[in-house]
Amino acid sequence: MDSATSDTRTPLGASADNGLKIVVVGGFGAGKTTMVRSVSEIRPLNTEETMTQAGEAVDDLSGVHGKTSTTVAFDFGRITLDSHNVLYLFGAPGQERFWFLWDRLFSGTLGAVVLVDTRRIDDSWYAIDRLEKHGTPFIVACNDFGGPTFAPEQVREALDLDPHVPLVTCDARSRESSKLVLITLVEHIQTLYADPARAPRQELV
């Protein structure tokens, strides 16, 4: 398995002049930082800080008791598509107290990945609600934590997910798995824009 610890990185060519933006959102501890790390071709910028006992009274740690650090602003990574196009990845913080940052991160976004931890599926509601409000295309990816698995129909029902929104499973630690998630998102966006009736109308912020 390709992992997030792989350190093969590619420098950005000087001719790259078109930046495309994708945001990875989801609940606290869903694996957003891990996904950005695993798929980025550069050493990602991250704003992780060590969790303290003071944070236990603020953040819901049920299901993520082994988590020792948390994102307090956003993660940033990059993928070069060709000599002129670059994909920028932003991982949004999952805790409720940082949700005010999301609307700004959504501005100018090509699309989004909602990363879901099925142990804490209710944490995904806010991300889906905000993306729908902004008219931002998105897909849902269930991150495999090795726990109980659910049928796609069960996840869709739990999230009240539109049947046109792609639902995939992934391992955020794997570069190949994370790349497939991004490919699914891009294909979904292409499908939406191919049909003017379904093309998203993004809210200005």
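Analyst: Buried means under 20% relative accessible area, exposed over 50%, and partly exposed in between (1.4 Å probe, protein chains only). This is a predicted model, in which local features need pLDDT of at least 70 and side-chain atom pairs count only at pLDDT 80 or more, while totals for chains, interfaces and linings use all residues. Residues are numbered from 1 along each chain as its sequence is written, and side-chain values use heavy atoms, with hydrogens and water left out.

User: How many salt bridges does a search of the whole structure find?

Analyst: A salt bridge requires a side-chain nitrogen of Lys or Arg within 4 Å of a carboxyl oxygen of Asp or Glu. Among the pairs is Arg119 with Asp117, whose closest N and O atoms are 2.9 Å apart. Over the whole structure the search gives five.

User: Is Arg173 buried or partly exposed?

Analyst: Arg173 forms a salt bridge with Asp171, the closest N and O atoms being 2.8 Å apart. Asp171 counts as buried because its relative accessibility is 13%. Arg173 has a relative accessible area of 47%, so the class is partly exposed.

User: Which residue forms a salt bridge with Glu41?

Analyst: The partner's closest N or O atom is 2.9 Å from that of Glu41. The pair links distant parts of the chain, 37 residues apart: Glu41 lies in the loop between α1 (32–39) and β2 (48–50), and its partner in strand β4 (residues 75–80). Helices (H or I, at least four residues) and strands (E, at least two) are DSSP runs, numbered from the N terminus. Both residues are buried, and the partner is Arg78.

User: How far from Asp75 is the nearest side chain of opposite charge?

Analyst: Asp75 is found in strand β4. The Asp75 side chain makes a polar contact with the side chain of Thr33 at 2.6 Å; such a contact is a pair of N or O atoms within 3.5 Å, where within protein one must be able to donate a hydrogen and the other to accept it, and residues adjacent in sequence count only if both atoms are side-chain atoms. Lys and Arg count as positive and Asp and Glu as negative, with His and the chain ends not counted. Asp75 is buried yet has no salt bridge, and the nearest side chain of opposite charge, Arg37, is at 6.1 Å.

User: Is Asp160 buried or exposed?

Analyst: Asp160 sits in the loop between α5 (152–159) and β8 (167–170). Its relative accessibility is 61%, so Asp160 counts as exposed.
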